[in-house]
Amino acid sequence: MSSTDEHAERFILLRPLLFTIAYEILGSAIESDDVLQDSYLRWAQVDLATVRDTKSYLAQVVTRQALSALRLRARRREEYIGPWLPEPLLLTEHDAAADLVLAESVSMGMLVLLESLTPDERAVFVLREVFAFGYDDIAASVGKSAAAVRQMAYRAREYVRSRRHRFGPHDSARIAELTEKFMTAATTGDLAGLLSMLAPNVTWTTDSGGKTTAVRQLVMTGAEQVATILLNLLRAVNRRPGMRIEPVNCNSAPAVAIYTGDHLEAVLVLDMVDDVIVNGYGIRNPDKLAALAVARTITRDPDRA
C-alpha cells in the first residue's frame, strides 16, 4: 500500500468521528466539511512513521482547524441579521437511539447553549465531556497547559449543567411519534392539542439571516403566542398548492421540514423534555438549509460508524 493510500484509509475510517467533533465545535455541517478537507490536506503531508495514535493525532488537527474557523466566524457574526442558530443536521437512521450522550451533544438546545462559551471552552467541553479525550491530548489540541485545560473543562461543565434542562426523547420511534402528534395538531388547527405539547414558558427562535421572509417577531416566549404563530404557519402551508410538510429527525429531535415542490423552505426543530416542547427553532436561512441535502453519520466510536 502506498503512503497516499494509507493516509486516505486511516482518514476515511475516522471521518464520521472527525466530522462529529468538528460539527459539535462549530454547529455547522458545511463549515465542518471544509475543516475536514483542510485537515486532510495537512494530514496527507504527515510522515506516518511519526504518528503513534492516529485518532488522537487527527482529532487534534481537526480541533485546531475548527477553532480557527470558529474564531473567524465570531468576527463575522457581528454582521449577521437576527438570531443565529446552528445548522440543522439530518441524521442517518441508527444515530438517534444508539448513544444518549451523542444524541444530547448534537441536540439543537445543547448547540445553542455551547454558543455562549468561548471557542476554547467549547472545544475543551466537547473533547472531554463528549469524546472523553485525556487532558494532555486536549491541551495539545487547544494550545494550553493540561492544568489550564482541567480548569477550563470544570468551568464549562458546571456552566452547561446549571443551564441545560434534562434531555429527551432520543429513541427513534418516540421521536417519530411525537413529530406526528405535533404535525397533526398544528395542521388541523387543534389549539388545545398543540398547547398540551408546549411548556408554559416555551421559547421559539427563528433564524432567517435576513435572506428570506420570516415571522415578524424572531424570538417569542409563551405557549399561547407560540401556538398561534405555529397554527397560522402550518395551516397556511397545508392549504397552499405545491407545499408540503414532512417529518424528519434533525439533531436527534422531533422536527418537520417544509417544502415547495422539491425546494426546502424551512425546518422546525423541537427541543422536548417529558414530551413537552421547551424550545423551538425555525431555520429559514437557505445557506443553513443546504446542509440537509444529505443525511450524516455521527459517532463517538469509529468502530461503530
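Which strands does α10 lie across? In this predicted model, α10 lies across β3, β4, β5 (263-273) and β6 (276-283), and the helix runs at about 50° to β4. Let's build up the picture around that packing.

Start with the sheet itself. It is open and has 6 strands with mixed pairing, in the order β2-β1-β6-β5-β4-β3. The edge positions belong to β2 (219-221) and β3 (243-250); each has a single partner strand, so one side of each is left without a neighbour in the sheet. From one strand to the next, the twist averages 15°.

Strand β4 (residues 253-260) runs antiparallel to β3, and 8 bridges join the two. In one of these pairings, P247 has V256 of β4 as its bridge partner. Helix α12 (residues 223-239) also packs on the sheet, where it touches β1 (198-207), β2, β3, β4 and β5, and its direction makes about 55° with that of β1.

T179 lies in helix α10, which spans residues 172-188. Leaving aside residues up to four places away in sequence, T179 touches P247, P254, A255 and V256. T179 counts as buried because its relative accessibility is 2%, under the 20% cut-off.

Finally, turn to an earlier part of the chain. An unreviewed UniProt entry places the feature "domain: RNA polymerase sigma factor 70 region 4 type" at residues 112-158. Over residues 112-158 the chain is 77% helix and 0% strand, with the end C-alpha atoms 16 Å apart.

Key
Residues are numbered from 1 along each chain as its sequence is written. This is a predicted model: local features need pLDDT of at least 70, side-chain atom pairs count only at pLDDT 80 or more; totals for chains, interfaces and linings use all residues. Side-chain values use heavy atoms; hydrogens and water are left out. UniProt positions are given in the numbering used here, feature names are shortened, and annotations may be inferred rather than shown by experiment. Helices (H or I, at least four residues) and strands (E, at least two) are DSSP runs, numbered from the N terminus. Buried means under 20% relative accessible area, exposed over 50%, partly exposed in between (1.4 Å probe, protein chains only). Contact means heavy atoms within 4.5 Å. Two strands pair if DSSP finds at least two bridges between them. Axes are lines fitted to C-alpha atoms, for helices over the stretch in contact, and angles run from 0 to 180 degrees between N-to-C directions.
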